[in-house]
Amino acid sequence: LSRRGDFESQPAATPFDWKIRPVEGVEAVRDSAAPYSGQWSLRIRFPGTANLAYSGVSQMAVLPPGAYRFQACVRTDSITTDEGIRFRIVDAEAPARLDLKTGQFTGTTAWTRIEQRLVVPQKTRMVQVQVVRQPSMNFDNKVGGTAWIDGVKLTRMAS
(Lines give C-alpha, C1' and ligand atoms only; values in the text may rest on other atoms or scores of the structure.)
Protein backbone atom coordinates (compact mmCIF):
# COMPACT_ATOMS: atom_id res chain seq x y z
CA LEU A 1 0.00 0.00 0.00
CA SER A 2 1.08 3.55 -0.45
CA ARG A 3 2.52 5.37 2.49
CA ARG A 4 -0.80 7.20 2.63
CA GLY A 5 -2.57 4.53 4.71
CA ASP A 6 -2.59 7.21 7.37
CA PHE A 7 -4.49 9.66 5.10
CA GLU A 8 -2.06 12.47 5.94
CA SER A 9 -2.07 13.51 2.25
CA GLN A 10 -4.90 14.05 -0.18
CA PRO A 11 -5.16 10.94 -2.42
CA ALA A 12 -3.08 11.40 -5.56
CA ALA A 13 -4.40 10.60 -9.03
CA THR A 14 -2.11 7.58 -9.38
CA PRO A 15 -3.13 3.94 -9.86
CA PHE A 16 -1.68 2.91 -6.48
CA ASP A 17 -3.11 5.47 -4.07
CA TRP A 18 -6.47 5.49 -2.32
CA LYS A 19 -9.50 5.99 -4.53
CA ILE A 20 -12.46 7.62 -2.84
CA ARG A 21 -15.29 7.07 -5.27
CA PRO A 22 -18.43 9.18 -4.77
CA VAL A 23 -21.41 7.09 -3.67
CA GLU A 24 -24.80 8.79 -3.54
CA GLY A 25 -25.72 9.70 0.02
CA VAL A 26 -22.38 8.65 1.55
CA GLU A 27 -19.77 11.20 2.60
CA ALA A 28 -16.18 9.89 2.49
CA VAL A 29 -13.57 12.58 3.23
CA ARG A 30 -10.29 13.15 5.02
CA ASP A 31 -11.00 14.37 8.55
CA SER A 32 -8.77 16.13 11.08
CA ALA A 33 -11.17 16.07 14.06
CA ALA A 34 -9.86 12.99 15.89
CA PRO A 35 -7.31 10.86 13.99
CA TYR A 36 -5.77 7.71 15.47
CA SER A 37 -2.30 9.06 14.68
CA GLY A 38 -0.93 12.04 12.79
CA GLN A 39 -3.33 14.81 11.85
CA TRP A 40 -5.79 13.07 9.51
CA SER A 41 -7.99 10.02 9.20
CA LEU A 42 -10.67 9.03 6.69
CA ARG A 43 -14.29 9.59 7.72
CA ILE A 44 -17.18 7.71 6.12
CA ARG A 45 -20.67 8.94 7.06
CA PHE A 46 -23.80 6.95 6.18
CA PRO A 47 -27.10 8.89 6.08
CA GLY A 48 -29.49 6.22 7.38
CA THR A 49 -31.67 6.36 4.26
CA ALA A 50 -30.66 3.20 2.34
CA ASN A 51 -29.53 -0.41 2.68
CA LEU A 52 -26.25 0.21 0.89
CA ALA A 53 -23.76 -2.15 -0.68
CA TYR A 54 -20.71 0.07 -0.19
CA SER A 55 -17.21 -0.24 -1.63
CA GLY A 56 -16.36 3.40 -2.34
CA VAL A 57 -12.87 3.45 -0.79
CA SER A 58 -10.13 1.24 -2.23
CA GLN A 59 -6.46 0.97 -3.10
CA MET A 60 -4.54 -1.31 -5.47
CA ALA A 61 -1.20 -2.86 -4.52
CA VAL A 62 1.28 -5.04 -6.40
CA LEU A 63 2.47 -7.73 -3.99
CA PRO A 64 4.89 -10.60 -4.55
CA PRO A 65 3.54 -13.98 -3.39
CA GLY A 66 3.97 -14.72 0.30
CA ALA A 67 2.66 -14.06 3.80
CA TYR A 68 1.49 -10.57 4.80
CA ARG A 69 0.05 -8.81 7.83
CA PHE A 70 -2.84 -6.42 7.23
CA GLN A 71 -3.35 -3.76 9.91
CA ALA A 72 -5.77 -0.87 10.26
CA CYS A 73 -7.40 1.24 12.97
CA VAL A 74 -11.16 1.82 12.99
CA ARG A 75 -13.47 3.93 15.15
CA THR A 76 -17.27 4.07 14.80
CA ASP A 77 -20.09 6.26 16.05
CA SER A 78 -23.64 4.90 15.95
CA ILE A 79 -23.28 2.56 12.95
CA THR A 80 -26.77 1.10 12.70
CA THR A 81 -27.89 -2.31 11.39
CA ASP A 82 -26.28 -5.72 11.72
CA GLU A 83 -23.98 -5.02 8.75
CA GLY A 84 -21.25 -2.48 9.50
CA ILE A 85 -18.00 -1.69 7.76
CA ARG A 86 -15.09 -4.05 7.23
CA PHE A 87 -12.07 -4.45 4.98
CA ARG A 88 -11.93 -6.75 1.99
CA ILE A 89 -8.62 -7.77 0.42
CA VAL A 90 -9.16 -9.37 -2.96
CA ASP A 91 -7.14 -10.54 -5.97
CA ALA A 92 -7.89 -7.75 -8.46
CA GLU A 93 -7.94 -10.16 -11.44
CA ALA A 94 -9.33 -13.39 -9.96
CA PRO A 95 -11.22 -13.05 -6.64
CA ALA A 96 -11.43 -16.85 -6.37
CA ARG A 97 -7.67 -16.91 -5.66
CA LEU A 98 -7.80 -14.44 -2.74
CA ASP A 99 -10.89 -12.90 -1.14
CA LEU A 100 -10.41 -12.11 2.54
CA LYS A 101 -12.79 -10.11 4.74
CA THR A 102 -11.95 -8.78 8.20
CA GLY A 103 -14.37 -8.64 11.09
CA GLN A 104 -16.90 -5.83 10.90
CA PHE A 105 -17.57 -2.77 13.03
CA THR A 106 -21.05 -1.68 14.12
CA GLY A 107 -22.43 0.53 16.86
CA THR A 108 -20.03 2.86 18.65
CA THR A 109 -16.42 1.84 19.26
CA ALA A 110 -13.24 3.61 20.33
CA TRP A 111 -10.22 3.37 18.04
CA THR A 112 -9.59 -0.35 17.58
CA ARG A 113 -6.57 -1.88 15.85
CA ILE A 114 -7.35 -4.84 13.64
CA GLU A 115 -4.77 -7.25 12.36
CA GLN A 116 -5.20 -10.14 9.96
CA ARG A 117 -2.72 -12.43 8.25
CA LEU A 118 -3.08 -13.39 4.63
CA VAL A 119 -1.16 -15.32 2.03
CA VAL A 120 -0.86 -13.89 -1.47
CA PRO A 121 -0.94 -16.90 -3.84
CA GLN A 122 1.68 -17.52 -6.53
CA LYS A 123 -0.48 -16.40 -9.47
CA THR A 124 -1.81 -13.22 -7.85
CA ARG A 125 -0.17 -10.09 -9.25
CA MET A 126 -2.29 -7.33 -7.76
CA VAL A 127 -4.59 -7.03 -4.76
CA GLN A 128 -7.25 -4.47 -4.00
CA VAL A 129 -7.91 -3.35 -0.42
CA GLN A 130 -11.47 -2.07 -0.03
CA VAL A 131 -13.59 -0.60 2.73
CA VAL A 132 -16.92 -2.39 2.33
CA ARG A 133 -20.40 -2.70 3.78
CA GLN A 134 -22.67 -5.53 2.71
CA PRO A 135 -26.44 -5.00 2.49
CA SER A 136 -28.38 -6.18 5.53
CA MET A 137 -31.05 -8.87 5.24
CA ASN A 138 -32.90 -7.47 8.27
CA PHE A 139 -36.12 -5.47 8.08
CA ASP A 140 -34.43 -2.50 9.81
CA ASN A 141 -31.63 -2.27 7.26
CA LYS A 142 -30.99 1.43 6.48
CA VAL A 143 -27.39 2.10 7.56
CA GLY A 144 -26.58 5.30 9.41
CA GLY A 145 -23.63 6.49 11.47
CA THR A 146 -19.98 7.33 10.98
CA ALA A 147 -16.75 5.36 10.74
CA TRP A 148 -13.15 6.59 10.78
CA ILE A 149 -10.18 4.70 9.32
CA ASP A 150 -6.48 5.32 9.90
CA GLY A 151 -3.13 3.54 9.86
CA VAL A 152 -3.86 1.04 7.07
CA LYS A 153 -0.81 -1.17 6.35
CA LEU A 154 0.06 -4.33 4.46
CA THR A 155 3.44 -5.61 5.61
CA ARG A 156 5.35 -8.60 4.25
CA MET A 157 6.12 -11.13 6.98
CA ALA A 158 9.54 -12.75 7.30
CA SER A 159 9.59 -16.21 5.75
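## Salt bridges

A salt bridge is counted here when a side-chain nitrogen of Lys or Arg lies within 4 Å of a carboxyl oxygen of Asp or Glu. By this rule the predicted model holds eight salt bridges. Side chains of opposite charge can pair when their charged atoms come close.

## Model and confidence

This is a predicted model, in which local features need pLDDT of at least 70 and side-chain atom pairs count only at pLDDT 80 or more, while totals for chains, interfaces and linings use all residues. Residues are numbered from 1 along each chain as its sequence is written, and side-chain values use heavy atoms, with hydrogens and water left out.

The pLDDT (the predictor's confidence in each residue, from 0 to 100) has a mean of 94 over the chain, and 97% of the residues reach 70 or more. Strands are DSSP runs of E with at least two residues, numbered from the N terminus.

## The sheet

Five strands make up an open sheet in the order β2-β3-β10-β5-β8, with antiparallel pairing; two strands pair if DSSP finds at least two bridges between them. Strands β2 (27-31) and β8 (107-120) are at the edges with a single partner strand each, so one side of each has no neighbour in the sheet. From one strand to the next, the twist averages 25 degrees (axes are lines fitted to C-alpha atoms, and angles run from 0 to 180 degrees between N-to-C directions).

Within this sheet, β5 (residues 66-79) and β10 (residues 144-156) run antiparallel and are joined by nine bridges. One of the residues involved is F70, whose bridge partner in β10 is L154.

## Individual charged pairs

R43 and D31 form a salt bridge through their side chains, at 2.9 Å from N to O. R43 is in strand β3 (residues 41-47) and D31 in strand β2, 12 residues apart. R43 is buried, with a relative accessible area of 12%, and D31 is buried at 9% (buried means under 20%, exposed over 50%, partly exposed in between, with a 1.4 Å probe and protein chains only).

R86 and E83 also meet in a salt bridge, at 3.6 Å from N to O. R86 is buried at 14%, and E83 is buried at 16%.

The side chains of D99 and R88 form a salt bridge at 2.8 Å, N to O. D99 lies in strand β7 (residues 99-101) and R88 in strand β6, so this pair ties together parts 11 residues apart in sequence. D99 is partly exposed, with a relative accessible area of 36%. Salt bridges with shared partners join E27, D31, R43 and R45 into one network.

Definitions and conventions. Helix = DSSP H or I, 4+ residues; strand = E, 2+ residues; numbered from the N terminus.
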